[in-house]
Amino acid sequence: MSVISSKDVNEIIRKTLGIINNKIMKHGEITGYILYKMMEYENTYSSEHHYTEQELVDYTMLGILHDIGLYKEDNVKNVSDFETKNLWPHSIYGFLFLKYLSPMGDKAEIVLYHHLDYNRHNLIQSRYMHIIELLSLADKMDTFMNLKEESLEQDYFSKYRDIKFSGAALDLFHKAQERYGITENLINGKYREELDVLLAKRAFSEQYKRGFLEMLVYTIDFRSEHTVIHTLATVNFAEQLGRLARLSGRDLRDLHYGALLHDLGKIAIPLNILESTGRLSDDEMKIMKAHVRITEMILEGVVDDAVLQIAVRHHEKLDGTGYHKGLTAADLTLPQQIIAVADILSALYGKRSYKEAFSKDKILSIMNGDADNGKINKNVVQSLERNYDKIIKEFEKEKENTIGLYLKIKEQYEIISERFKIFE
Ligand SMILES: [Fe+2]
Ligand SMILES: [Fe+2]
Ligand SMILES: [Fe+2]
């Protein structure tokens with residue numbers, strides 16, 4: 001029994017990114033679809049290029065995710081602006097997210113170059129040159145079809161042939177369009193089913209799916225460094241407390257994924273509330289609390305129910321004073337009670353926008369207080385107290401790795417931006 005099915009990996013990406021910005025999500029899907037149909041045409045009618053099923057799926061996924069770097073921007077409002085003016089930041093961030101955080105790292109450079117003009121392709125070296133040409137054209141096709149008046153000039157495709165885009169790729173698009181009716185499928189929505197069928201063909205390994213979920217969570221969390229660390233800490237503490245409580249392998253796995261996904265709904269919470277340095281007003285608190293329901297909306301019907309319930313019950317309290325359902329001890333399984341403890345520990349231990357990190361004594365006294373007041377599981381808190389130093393030490397080790405990765409992505413961003421100035 002797996003946590004998430006292969007086809008639902010795409011569904012969860014779709015739902016999550018769609019909440020942040022539906023337009024960019026749709027643009028990604030349409031671009032991925034156009035790219036897929038062009039490759040399919042080559043597979044059937046050309047002797048020059050052939051793709052294995054795995055390559056078809058991977059390249060299509062990259063097509064769907066090619067603008068994922070746009071989610072780094074704090075307020076992604078106008079896709080057309082990003083896609084026609086400010087081309088490099090999102091190309092570079094997208095590349096770095098995919099390279100360091102996704103299971104498709106070796107193919108990430110396809111995304112890096114999706115806005116590089118065709119007549120500059122000789123300046124770069126890549127074994128994916130051909131796919132880069134196709135993706136770049138597919139991207140322009142959707143930009144062209146979608147933005148209409150404000151967009152590319154009417155005679156764009158005759159004027160910039162082999163300058164901004166590959167003429168051969170455009171010819172291929174026209175042939176595929178004639179054969180498959182790409183635009184018709186885009187308009188009547190049939191493309192969505194076709195994408196589902198394609199992606200379902202590829203049975204992703206558990207490791208691959210896990211990689212995608214982690215990429216999704218960390219890409220979203222990249223908006224705020226504290227959030228990345230909070231998620232990481234919650235996963236790590238929950239796992240350690242789960243092991244100490246002798247949970248079964250299955251429960252531990254569910255706890256891992258539940259913790260990984262528990263704050264996904266925060267993507268819909270404005271940064272000024274997430275990063276607020278003061279006390280939240282009642283209205284702001286209401287908005288903040290909504291993240292649980294949003295997490296639920298995203299995960300429902302997509303991940304295994306046990307994982308879903310762990311994720312959406314992390315703010316429940318044993319005495320019924322938690323949210324969003326106000327459940328009590330009798331309703332809450334041990335893994336669900338553990339994630340609540342892990343979430344609190346992570347919040348107290350971590351440095352947040354509104355507070356400094358707390359000392360061990362202070363953390364344990366707050367948590368023992370909560371346990372004594374019947375809010376959180378006493379046994380779990382006791383086992384935390386007994387193993388506190390070891391738990392923290394293990395987490396700090398893992399944190400170093402992730403912070404290292406985070407810093408590496410930032411550093412690489414600067415280096416590549418500098419190097420790419422020649423393309424401006
Ligand atoms: Fe782009
Ligand atoms: Fe794009
Ligand atoms: Fe939360």
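Colleague: Into which domains is the protein divided?

Modeller: This is a predicted model. The protein is divided into domain 1, residues 6-203, and domain 2, residues 223-409. Their C-alpha centres lie 36 Å apart.

Colleague: How many residues of domain 1 are in contact with domain 2?

Modeller: In general, the size of an interface is often given as the accessible area lost when the parts come together. Here we have a residue count instead: 10 residues of domain 1 are in contact with 11 residues of domain 2.

Colleague: Which helices supply the side of domain 1 that touches domain 2?

Modeller: Helix H1 (6-20) and helix H5 (88-101) each supply at least two residues. The largest share comes from H1, with 7 residues. By class, that side of domain 1 has 5 nonpolar, 1 polar and 4 charged residues.

Colleague: What about helix H12 (residues 206-221): what should its 16 residues span?

Modeller: At 1.5 Å a residue, H12 should span 22 Å, and its end C-alpha atoms are 22 Å apart, so the two agree.

Colleague: Which residues of H12 are buried?

Modeller: A general point on helices comes before the list. An α-helix has 3.6 residues a turn, so residues three or four places apart point the same way. In H12 the buried residues are Lys209, Phe212, Leu213, Met215, Leu216, Val217, Tyr218, Thr219, Ile220 and Asp221.

Colleague: What covers the buried residues of H12?

Modeller: The cover includes H1 and H5, along with helix H13 (225-244) and helix H14 (249-261). H1 and H5 are also the helices named above for the side of domain 1 that touches domain 2.

Colleague: How many helices and strands does the whole protein have?

Modeller: There are 21 helices and 0 strands. As for overall dimensions, the C-alpha trace spans about 75 × 40 × 40 Å along its principal axes. A compact globule of 424 residues would have a radius of gyration near 22 Å; the protein has 23 Å, which agrees. Buried residues make up 43% of the 424.

Colleague: Which residues have the most contacts inside the largest nonpolar core?

Modeller: They are Leu35, Met38, Leu134, Ala238, Val341, Ala342 and Leu345, in a core of 116 residues. Helix H2 (residues 22-45) gives the most to this core, with 10 residues. Domain 1 and domain 2 each provide at least three residues of the core.

Colleague: Take Ala342: leaving aside its neighbours within four places in sequence, which residues is it in contact with?

Modeller: Ala342 is in contact with Thr234, Phe237, Ala238, Leu241 and Ala259. Ala238 is itself among the core residues with the most contacts.

Definitions and conventions. Residues are numbered from 1 along each chain as its sequence is written. Chains are lettered from A and ligands numbered from 1 in the order in which they are written. This is a predicted model: local features need pLDDT of at least 70, side-chain atom pairs count only at pLDDT 80 or more; totals for chains, interfaces and linings use all residues. Domain bounds come from an automatic or database domain assignment. Two residues are in contact if their C-beta atoms, placed from the backbone, lie within 7 Å. Helices (H or I, at least four residues) and strands (E, at least two) are DSSP runs, numbered from the N terminus. Ala, Val, Leu, Ile, Met, Phe, Trp, Tyr, Cys and Pro count as nonpolar, Asp, Glu, Lys and Arg as charged, and the others, Gly among them, as polar. The expected span of a helix is 1.5 Å times one less than its number of residues. A residue is buried if 20 or more other C-beta atoms lie within 10 Å of its own, exposed if 12 or fewer, and partly exposed in between; C-beta atoms are placed from the backbone. The radius of gyration is taken over C-alpha atoms; the globule rule is 2.2 Å times the number of residues to the power 0.38. A nonpolar core is a set of buried Ala, Val, Leu, Ile, Met, Phe, Trp, Tyr and Cys residues joined through C-beta atoms within 7 Å.
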